[in-house]
Amino acid sequence: MRLLRAVIDGAELFRDDHLAIDLFAIDRVPKPEGGLRTADVTQMGESTSIYSQNVVGISGVNASGKTTALNLLHFVLDLLAGEVTLRGFRGRDLTVGKVGTRLFISVVFWHEEAFYLLESELEREGRSLFAGPSSFFGFRFVDETIWRLAIPRVNRRMIGDSRAFREAAVVVRRRHGDSALTESELRLLGDDRSIVSLVTGRVRSRVSSPGRELPTETLATPVVQAFDSSVERLDWDSQNEVYTLQFKGERARIVDRNVAAMLLSRGTVFGSEMVNRAMEVLSCGGYLLVDEMEEAINRSLVATIIDLFVSPVTNPHGAQLIFTTHYPELLDALHRKDNIYLLVRGEDQRTEVVKYSDRVRRIENKKSEVVLSDLIKGTMPRYPDVRAMRDYVKRYVDGRA
């Protein structure tokens, strides 16, 4: 299963309560020469012109909704995998922000040589929901429909336009009306589990996010040394729940998880864990979602991790990396321009989701320069706010002198 597009209406942080993110290539995909596989993207089947993005970057100023967008994508991926029950949301803690009384989710995905559109309408059961693991607790599915579109009839416009998709596709299942669920299926799913599992069979796509802590497993020396060349070994003993940590030129020491984390830098801990999780999803074609990817890691090493997903040599199964960043310079590591989203906070405190390629046509532009120059308005902190902060600091310092 491969998610290609996600649209969520009812996420109140975003302008018009609307969040839409494409995970497929809109721009042209050049054919590689010499029989090599295409970098940056993965073709959906051998006879389609639809390619999923191997990397998607989301950037914006503080409090523009980057984490919220990432968590909503995480929720959608869990929904498609059959991992969500709305009463008693299973899995991680999520902070999805404020949502309305009605939530509409529309996703396009690829599964077993066909494209599907899932549209879900959810209704809140009289509870104000904000952050935390119960962010979707109290919702129920009002209605859902799944359409199927065969390969010969699909094009990129249909993937990005739900109406065009519906007109060309056929209904597979829906909760009510034609092709509705049977009574036994309704009892099985209830009104808190999506019908998508009846079509996909609960596909287990691995979705991973770094927890920014040492994983309780042995980390390969080449991985750790990329972030700290002084480390000789870092082995995990699951029986005694301790690490064997050895630095070059020193004797090995037995330490618990907390001590090991203190002896290593934050960048080494986070970077090693991120590569470890990347290897897991690269090996099976899953998803790695990383919030604030630049945290405590050298920029060249971040670019190296991105390249693991870009290259078909290290990413033969089409795994996807979706990351957020405060630093526009990281966007220069992305070769395409239709896989970048800029979150722009307006005067009304709502966030507009801007696809970079919709505003910038020339691919040779250095993306960081475009963002830093505020060519796309709202992608940098507002000068009056920064000046007001500087003036306040000056007054404070002068008053303490």
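I first wrote down that a nonpolar core is a set of buried Ala, Val, Leu, Ile, Met, Phe, Trp, Tyr and Cys residues joined through side-chain atoms within 4.5 Å, where buried means under 20% relative accessible area with a 1.4 Å probe and protein chains only. The model is predicted, so that local features need pLDDT of at least 70 and side-chain atom pairs pLDDT 80 or more, while totals for chains, interfaces and linings use all residues. Residues are numbered from 1 along each chain as its sequence is written, and side-chain values use heavy atoms, without hydrogens and water.

Cores. I found that the largest nonpolar core has 41 residues, with L80, I105 and V107 making the most contacts inside it, and that α1 contributes the most, nine residues. I noted apart from it another core of 31 residues, V223 and L330 among them.

V107. Beyond its neighbours within four places in sequence, I listed its contacts (heavy atoms within 4.5 Å), which include L3, V76, L80 and L118.

Sheet. I traced an open, antiparallel sheet of six strands in the order β2-β1-β6-β7-β8-β9; strands are DSSP E runs of at least two residues, helices H or I runs of at least four, both numbered from the N terminus, and two strands pair if DSSP finds at least two bridges between them. I saw that β2 (18–22) and β9 (170–174) are the edges, each with a single partner strand, so one side of each lacks a neighbour in the sheet. I recorded four bridges between β8 (139–150) and β9, and W147 has V171 of β9 as its bridge partner.

Key: Buried means under 20% relative accessible area, exposed over 50%, partly exposed in between (1.4 Å probe, protein chains only).
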